[in-house]
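Thanks for coming. I will go through one structure, starting with chain B and then moving to the sheet in chain A.

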Amino acid sequence: MQLYGCVSNLPHTVKRSVVLAAAPEEVWEAVTDEELLSEWLAPEVELEPHEGGGLHCRFEDGEERHGEVELVEEAERLSFRWWRDGAGPSRVELLVDAVAGGTRLTVIESRLDPGAPALAAATWSAPLARLRLLPGKLVLA
Amino acid sequence: MASPGAATLPAPTEARVDAVFAALADPTRRHLVATLAAQPGATATGLAAGLPISRQAVAKHLQLLSRAGLVSSRRSGREARFELQPAPLADAAAWIGAVGGEWDQRLGGLRRLLES
């Protein structure tokens, strides 16, 4: 029954938040620079950190994911869709905030409806704004 | 670094997970799932009573939930009674758990990178 309880909240979004002992600029670089990304996201990462830019990751087990950058707000927010063969796409949003003692990085990954058309950046910023209104809760956009 | 790819679900499960997330993308259908969890065996008429939409609209949503494997129905007199089927929800929960585990690992790696 516990399983059903979560459904009315958020069935398809995962959120993680960490506070890092680093400056916001360092964290932003770590999430947008290919070389730094390949130190922690996947062993091989190609990323064009601008809207419409491509993303390609190869993980240690050989799994590959392709993606596309949807939104870049310099030093604050990076969002992309990514997918692997045979699986529906998901959207990843990375938010960088300065906090006491360092920088908070928040990751929100949401499974997207594979049947739905790709949303233009202009139309999906509104639901994402709603997501951010409810920190700590799993919220459906 | 542990491999994020380890969380990959088998392909048929992926397809089922997609169907479940598509079915649950709608707030009315999420409401129906939550209501059926509390009232197993409810009818479309009974479910419509708590919603500002018609019985026909509810029946359509139930059909979609049923196609995703989330709901089963059985005849009882003149009306069908609906019940939740937990397996697809467990698949969706597995996706959430797998993706969360992937990010925990990656963010641990990022912390080591930035704080060492």
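**Chain B, then the chain A sheet**

From its N terminus, chain B reads α-α-β-α-α-β-β-α, giving 5 helices and 3 strands. Helices (H or I, at least four residues) and strands (E, at least two) are DSSP runs, numbered from the N terminus.

Before going on: this is a predicted model, where local features need pLDDT of at least 70, side-chain atom pairs count only at pLDDT 80 or more, and totals for chains, interfaces and linings use all residues. Residues are numbered from 1 along each chain as its sequence is written, with chains lettered from A and ligands numbered from 1 in the order in which they are written.

Of the 116 residues in chain B, 30% are buried, meaning 20 or more other C-beta atoms lie within 10 Å of the residue's own, with C-beta atoms placed from the backbone.

Now chain A. Its open sheet has 7 strands in the order β1-β7-β6-β5-β4-β3-β2, with antiparallel pairing; two strands pair if DSSP finds at least two bridges between them. At the edges are β1 (13–20) and β2 (44–47) of chain A, each pairing on one side only. Neighbouring strands are turned by 20° on average, direction ignored. Axes are lines fitted to C-alpha atoms, for helices over the stretch in contact, and angles run from 0 to 180 degrees between N-to-C directions.

β1(A) pairs with β7 (residues 102–111) of chain A over 8 bridges, and A:K15 stands opposite A:I108 in β7(A).

Methods. A residue is buried if 20 or more other C-beta atoms lie within 10 Å of its own, exposed if 12 or fewer, and partly exposed in between; C-beta atoms are placed from the backbone.
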